[in-house]
Structure formats: C-alpha cells, structure tokens
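Here's a quick walk through the fold, going from the whole chain down to a few packing details. Have the structure open alongside.

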Amino acid sequence: MYHKLLQRQIQKYLPEGIADQEDYKIFLESVNSSYKSFERDRKLTEHAFTISDGEFAEVNQELISLANQRLLTLKQLNETISSLLGSDQPIDETENLVTLSERIRAQVEINKVTERELYRNINLFKTLLANLRSGVLIENEYRKILFTNKLFCSFFAIPADPDQLVGMDCSQSAKQSMGLFKDPDEFVRRIDVLLHDQRAVYNEVLEAVDGKILERDYIPIFIDSVYRGHFWRYTDVTDKAHSQKSLQEIEERNRLVMNSSLDAIVVSDDKGSIESWNPRAEQLFGWTAEEAVGKSVANLFTLSHLKSAHNALVNRYLDSGLSRILNKELELTAVNKAGKKIPAVLIVVTYQQNGKHYFCGFIKGISSRKKAENLLKAQEKKYQNIIANMNLGLLEVDTEEKILFANQSFCDISGYSSEELIGGRTNQFLLSREEESMLEQKLQLRTKGVSDSYEIAVKNKNGDIRWWFISGGPNYNDEGELVGSIGIHLDITDQKQLGAALAIAKNKAEEASLAKETFLANMSHEIRTPLNAIIGMIRELSREELSPKQQTYLSHTDTAARHLLSIVNDILDVSKIEAGELQLDEHDFSLQALLANIISILHFRASKKGIVLSSKLSEDISTAFIGDSPRLRQILINLLDNAVKFTIQGHVHLSVEVVSEDEVSQSMAITITDTGIGMDANYLDQLFFKFSQAERSTSRRFGGTGLGMSITKEIVNLMGGDIEVKSEKGQGTQFKVSLKLTKGDINNLSDRTEDRQHLLRGARVLLVEDNVMNRFIANKSLSHFGCSTDEAENGLIALELLKKKQYDIILMDIQMPKLNGVETTKIIRQELKLSVPIIAVTANAFKKDIDLYLSIGMNDYVTKPFEEKKLFNTINKQLKRNTPQASLTNKEVKNSYDLSQLKALSRGDEEFVSNMVDIFLQHTPPALEAIKTALLEKDYITLARVSHRIKPSIESMGVRQLDGVAGDIELSARAGDVDHAGLSEKVRFMADTLSVVLKKLKGDHN
C-alpha cells in the first residue's frame, strides 16, 4: 500500500492503468520509500527536543545517514525517471520530489498523445489490411494469430469473425485447409518449407478445387535481426489468370496464323530493321529468322538499285505521313539468299505501338503464277495459231446463223474464201429443206445451252457433196448472254467411205473368227483324242513292272506328251481369254500348302542347275482362302518355272507378304526375284503380248511358245489383281503379283479320300466312244475303280444298250459317227426319259461347248486327255457314293506306298524322285516325334501345324491308307473342344503306318 500522499497524487495526476505497468511500479515504489523516509524524519524532528543530548547525537548521526540515503534515493529516482522518460538532459541532483512529479506528469501527457497517435496508426493499418483485396494473416514466431481479415476467412472457409481468431494457434491450419486445393499434399509441404527457410517468397500460384487461382506471398518479420513472426497474403487472381491465358492463347493463335501463313510476313521498325520474320519468309528468301532479325529490309532482300528508293519512301512517310504504296498490292522483284530474283506481290501496312512506327509487309511469291501467265500467253498465242491453221474448220455464227468468223481450214473444206463467208448465212451449204430443219433444231438447242455433235451432208462451192462432222456449242459474251454458237467442222467424207469398207471387213473378220474357233475346236479334238490314248497308255504301262531303262523311256515319253498337252492348253486358254470365256472356279484352299507343293516341285530342278530356290511366307497369312487354286497354281508355277529356266546361276526367291487385311479378306503381295538373264527395258512393254520373247536366241536356248506371260497376266487380271515386272539385262528380274483374296474356312479343306479300289466298286458304266484306243484307256481306268463297263462305238449302239439295260452313269464322247454325243443325249433325255447321269468326255473345252452340253441335259464334263483323279472325282460326285471311312482301330497297318504321282511330277527326272524320297526319310521321323510330344503336352496348335506340314509329303509318297488322316488330325486339333482320346488314336495309327512305310522305303531305295 502506497503512502496516502502518493495515493492522492497517483489518482490526481496519473491516467488510469499507468500505475499498474511494471516500469512505473518501480518508480512509484522509489517515491513511496522517499515519502516513508520523509515521514520518519518528521517524526524524529518532533521528538528531537524530547531526547537527550547523547541520544540527539545518535539521532543526528542517524539523520545524517538517512539524509545521505535520501539523497542517494533521489539520485537513483532521478536516473530511473530519466531512463523511463528517455530524457537526454543532465541529471540535476538538487531536484526534489515535486520537480520529479512535474516531469513525470509532463512525460505522461506526451506518452498519452503518442499512445493516441499510435492507436490511430494501428487502427489505420488494421483498416487498410482488413480492406485489402487479398486475404491477410499475420502470425508471431509461435504461430499465434496477431491479425487476419474477412477475405482470408472467406478464402479458407473459416466460419468466424477475424477478431475472434486473434491469439489462436495456426500450427495445424495447413492440414485443416489442405482439402481446398487441387494438390493438398503439396500445399502442406510448401508451407512447411517456407516456415523453415524464413525467406520471402512472392506470387506463388495455388489452384483451388473450386476452380479459383490464388497467388500467395510469404514475408518473414525480423526485428533487430530476430525472427518475430511472418506475414501471409493470398490474392484471388482467377480472372487475371484467365485473362492472361486468353491473352496467351490469342498471342499463340496469332503466332500460329503468322507461322502458317502462305505469305511471307515481315515486320520492321521505323529504322527499317527487321523485328519479325515468319517461316514462310524463311522458305521464300532462304534466310532463317535468326539471320534476318535485326537486319535492314533494304539490305536483305531489296534489289540493289531499289534500296535508295525504298529508304526514301520510308523517310517520306515518317516525315509527312504520305505514301503511295501503303495498303496497296504491288508487284515487284525481290532477291533471295542465293541471289536469285523472285517475282512477288507485296502489301505493306503500318501501325503504331508504344509511340513507335512499325511496317508489316505481306509478301507472296508469284513465280508459279508468272510462269503460268507466261505459259497462258504462249498457249493463247499457240491456240490462236492452231485455230487459224488447224485442220478442223472453225465457224462462229450469231443467233441468226449469220457467219461472224471462219478460220482457214473451214475455208479450205467449204471452198469459199473468208471474205465470201463472213456476213453470209450457213444455209448456203445445205442440200435440202431437211438439212435446214436440222440446223434450226440445233439453233434451238444452243439457246438452251446444249452442246452436241452430228453429221450432215453438204455441198461445197464447187457443188460437190461432202460429209461434215460438226461439234457445236453455244457462245456467250462476258455478261453471260447468248450471242450465237461456235462449230467445229471435220470433213469425214473419206471416213464415211472407209466405214462402208470397214463394215465389209468386219463381216469378213467375223467369218474368219468363226473359222478360227472352228479350227481350234477341231484341232483340240484331233490332238487331244490321240493324246488321251498316249497319256492313258503311259499311265497303264507305268503300273507294270518295268526295268529302270524302260521306266526312263516311259518317263521321257510322258514328259513329251504332257508338254504337248500344255501347249494345246495354252492355245485354248488364249482363245478362251479372247472370247471372254475364261472363268474362275472358286473354292476353299490353303495358300501355304499350295506354295509348299509348288516349291517342292521346282526345288530339285533348281538344285540340279545349282540355283538356290528359297521362300519366305508371312506368318499373318490366313489359314484358308476362297479362290481358284489351280489357276493361282498356274500363275505361280509359270513365274517360278521361268525364273528357274532363265537363271544360270544365283538364286530364285519367293516371298509372300500381307499388305493389308480386314474381317473378310487379305491383300497379298507375292514377289518372285531371280538373278537370271534379265530383260531389256525396251522389251518390258511387250512382255505380256502373245508369242512375245526377248530375242530369237532365247527361244532357241530356253524353249517356250511365248504364251505363258500373256495368259498369266490375263488370269491375274481376272482375279482382280495386278502384276508388275522390274528387270535389267544381265541383272535379273522381279515379278510382283498383287491379289486380294477372300478368307475361307479351314474346316472345308479336308480332302479325305476313301480307298479308290472300293469306292466305285460295282458301279455300272456305259462308255460311249468311237476311238478304240480311248475306249481301251477309259476301260482300264474304270476297271481300276472297280466298275463294270459296257462299250458303245456310237450313239446308236448306246441307245440300243440303254433300252436293254440300266446303268449308273454314262461316259459320252461328243464327236462320233452316225450319231454324235449331243444328239444321243437329247434322245436319252427327251425320248427315253432317262435321268441317268451323263458325263461328257470331250476334247472341246470352250465355254460355248460346255454350256451346250449342260443345256441339253448332261450333268458334267471331263476334258481329254483326262487325269484318273479328275475322272474318279467327277463320277463319284455324280453317283454320290460317300462310303463312310472305316474306323482307324479296324485298319491294318500296311507298308505300301505309290510313287507314280511323284514320278509324274518329275517328268522323267529320276534324281528328283530319289531326292524327294530322301527328304521324306530325313524329315518325317522328327515330325512324328514333334507330333507325339505335342500330343503328350496337349499342345494342339503345334500338333495341327506339324500335321499340316507333313500332309503334302504323305500324299506325294502315295501312302493311300493315310489319305485324309493327316488332314483329319489337323482339323481335330484345331477344334474348339478337342477329343483327346480320338485324336490320340488317329496319331497312333498315322505314326505306326509311317514307321513301317519308312522302313520299307529305306530298304527299297538303299
């Protein structure tokens, strides 16, 4: 408790609350001590007169001590007051408490004024911060809130008044607010980094989940180098960011437009210095933007003699604002980096930016246009000369048929001079009213804008009757008004006379064509008939036990006969092509199997010549296609056979690539490349002509008729494909066949064939054939099939037999004495009313002949000379004898094989047969092991693939009891639900059979 006097002074002189402040408490305590000391002194004085002298001396001494203590207290109090008030005046030790009180009162008044000013400034600063268009947060070093505003609370969705937040802890505020931002983890991490680094950072961009874009400033607060807190500011810059983005997009769009412009765009300042140079300018003039920017327009691409004029025009505009070239299209000549002159069109515009003039030039190179203009002028002059001098008569008339212009050629064909014609009328050439009526009709057509052509008989000046071919059309002026017509006239009198002669020639040509067709039909019949006997005899003889020498002779004879047959077939194919009768027989087939068979046929012929025959097939080739496989085989064998034939050394390579495909088809590129003798470039255009060969020595050296390539091209075209050839003399040849093939069904590829000796057994056949040798050959084949056969030398005998007996099928020759096959068939169908199947066995293979046979009631046909397989399949198809295949478990494993088909393919080449057997012996055992392993591992894909691969080899070796087995295994392995037990039985049977066949082959051919 203070002294009463001091309490009254505090209440009177000090503002409320000052006495409670720590600094003033120290001062007041000192004053209170002084008052108490003074009070003791007063009491001592009052009692001084009552004490004794000794006591007085003692008291006096104590008073002196107290006085010194008082002086010391006053001095300390003075120093304290000076320190508290900040006085820089020297201390007056004589000052008493009253003086000190006055000083304190004066200083308090000053502090109150300062406090009010400070309070006003603080309120002003707080008002300023509160009304900023930014969210503000001020924290102390302990992350306690000192100040924030409403916008900050709004940004961070804080549902409280800013004043209520003062003093709150913000250490967890970042995690509480992180969900407001697109990258919440980065928001928290970045705040931690800023607080740790304590370095000012401005304009950090934050993206909120509601689409707002905020800019953040962080400012650490240091006082006397001591960290006292930090200042956060968040500003909504969404509109600004969008505006900047839009501006950037506009700038980018302008840049893209400028860079994509077909005109060169060059911007220069008022000094002529280039500031912008777009890509088109780079292309047009050759300088890059780096090379051009900063250079003078006048010095860069302006012609030297125009530089001074260019600078003068620029200066004139800058001085006076006048210009004769601004905003106008100018044609001029510029120069590029290489010094080449460039004709161009220039448009210059000017604009101001930041108080500075700029010139923008749009430059279009018109070299092509100039060239076109010059060409147009030249053409115009040329056409003027053509019109004046062409052999076609040009006549221009008005709407009344009055002649306005006639060129020299019209004067020549009409006999009139230009002076005689102009101003006259066209009816002067007409013969009668009929021609005049025609011209009036043509005039009416011209008024409707119709052009047409017609022929008309006229008379010239000399009165001679001539035929003119006239092509007329309407003539319009620049306003689109019809002003007449223009006619082109050609004297076709000679052509008319020639047409009459051609009509006669056409009749003769048709007669010659008919004679040619008749000759070819007769030639085909006369050659094929003995050929049928020859080839049939060779086939029957090959079944006999012959010595190796006899077998060689027989093989050579078969080769010669089949070569002669191929020539006949080529000639007939050409005739069919010319007559438009060549048709495709489409069916499911395997391209891989077809190619493998072709390669196997030609492999040893190539190896015998020392040529490498290789192939590469795309793995993407479909497993099956629909098409005419024999014709495709004919194409490829012809091309590969020629490649091997005309290659002396080197290689022949076949590649097949899938160019494109869709759900139903594949486009194939079949390429055959050789290192053969090649062809001259001049010959390539004639390659596909009939009977064409590179030179006579080629025919003498390599043989051939020159029909193969012509037929090949026609068949490729018939298949909707294309064939290309590249060749160089002495460097080889490349053929490329492009075909689009429809995808087929692999399930339709099974060629399962039952035992031939039993399939047709018991069939009753009537063989109608006048040629005894052909009857003998046919009878042998039919006996081989197990058929019982009756023979008839002509149609009359056949009809008598049909009245007595019933037959399952009739084989009918066409050309026979007394009654031919056509007439006999008509009687069988129309008079005897028999439905027995009739197969034409004929040498006539033209479409019109086949159509005739089928139209009169025949069911099918076989051409002479026939293959046994073809005859068998045709008969079997008509009889529909599909004997079920015997169970594999009931089949006896045999060691039989038949190389007759392989020998037929070899054409007498025993080495070919031997090599094929060696390959079969070498490759079949590993294939069987692969099949067994795949079956054990249930790898059905591999099993199907290997079975497919060995199927042609089994067929070529003639292992008859395995006919269709390999194909059946392949189909079973590819089935969706594989019957493993059934598949195992098939594999076992095939493996056991091939094992014994291999053993016998080794014994027979070692």
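Of the chain's 1006 residues, 40% count as buried. Keep in mind that this is a predicted model. Among contacts with a separation of 6 or more, 58% are between residues 24 or more positions apart.

Let's start with an open sheet of five strands, ordered 24-23-25-26-27, with parallel pairing. Strand 24 (788-792) and strand 27 (860-863) sit at the edges with a single partner strand each, so one side of each has no neighbour in the sheet. On average, neighbouring strands here are turned by 20° against each other, ignoring direction. Looking at one pair, strand 25 (residues 809-812) and strand 26 (residues 838-842) run parallel and are joined by three bridges. Met812 has Ala840 of strand 26 as its bridge partner.

| Helix | Strands touched | Direction angle |
|---|---|---|
| Helix 27 (residues 795-804) | strand 23 (764-768), strand 24, strand 25 | about 155° with strand 23 |
| Helix 30 (residues 868-879) | strand 25, strand 26, strand 27 | about 170° with strand 27 |

Strand 25 is touched by helix 27, and helix 30 touches strand 25 too.

**The nonpolar cores**

Which residues touch the most other members of the largest nonpolar core? Leu591 and Leu640 do, in a core of 40 residues. Elements giving two or more residues to this core include helix 20 (591-608), helix 21 (629-645) and helix 24 (708-718). On the strand side, the contributors are strand 19 (651-661), strand 20 (665-674), strand 21 (722-728) and strand 22 (732-743). Setting aside neighbours within four places in sequence, Leu640 contacts Ile598, Ile599, Leu602, Leu613, Val652, Leu654 and Ile672.

Another core, of 35 residues, lies apart from that one; its members include Ala934, Ile954, Leu994 and Val997.

**A helix pair**

Ile954 and Leu994 turn up again where two helices meet. Helix 33 (residues 940-956) and helix 35 (residues 980-1005) have axes that come within 13 Å and cross at roughly 35°. Their crossing is left-handed. From helix 33, Tyr940, Leu943, Ile950 and Ile954 take part, meeting His980, Leu983, Met990 and Leu994 of helix 35. By residue type, this contact comes out as seven nonpolar, one polar and no charged.

Key. Residues numbered from 1 in each chain as written. Predicted model: local features only at pLDDT ≥ 70, side-chain atom pairs only at ≥ 80, totals over all residues. Heavy atoms only, no water. Pairing = 2+ DSSP bridges. Helix = DSSP H or I, 4+ residues; strand = E, 2+ residues; numbered from the N terminus. Axes fitted to C-alpha atoms, helices over the stretch in contact; angles between N-to-C directions. Contact = heavy atoms within 4.5 Å. Core = buried A, V, L, I, M, F, W, Y, C linked by side-chain atoms within 4.5 Å. Buried < 20%, exposed > 50% of the residue type's maximum accessible area, 1.4 Å probe, protein only. Left-handed = near helix turned anticlockwise from the far one by under 90°. Nonpolar A, V, L, I, M, F, W, Y, C, P; charged D, E, K, R; others polar.
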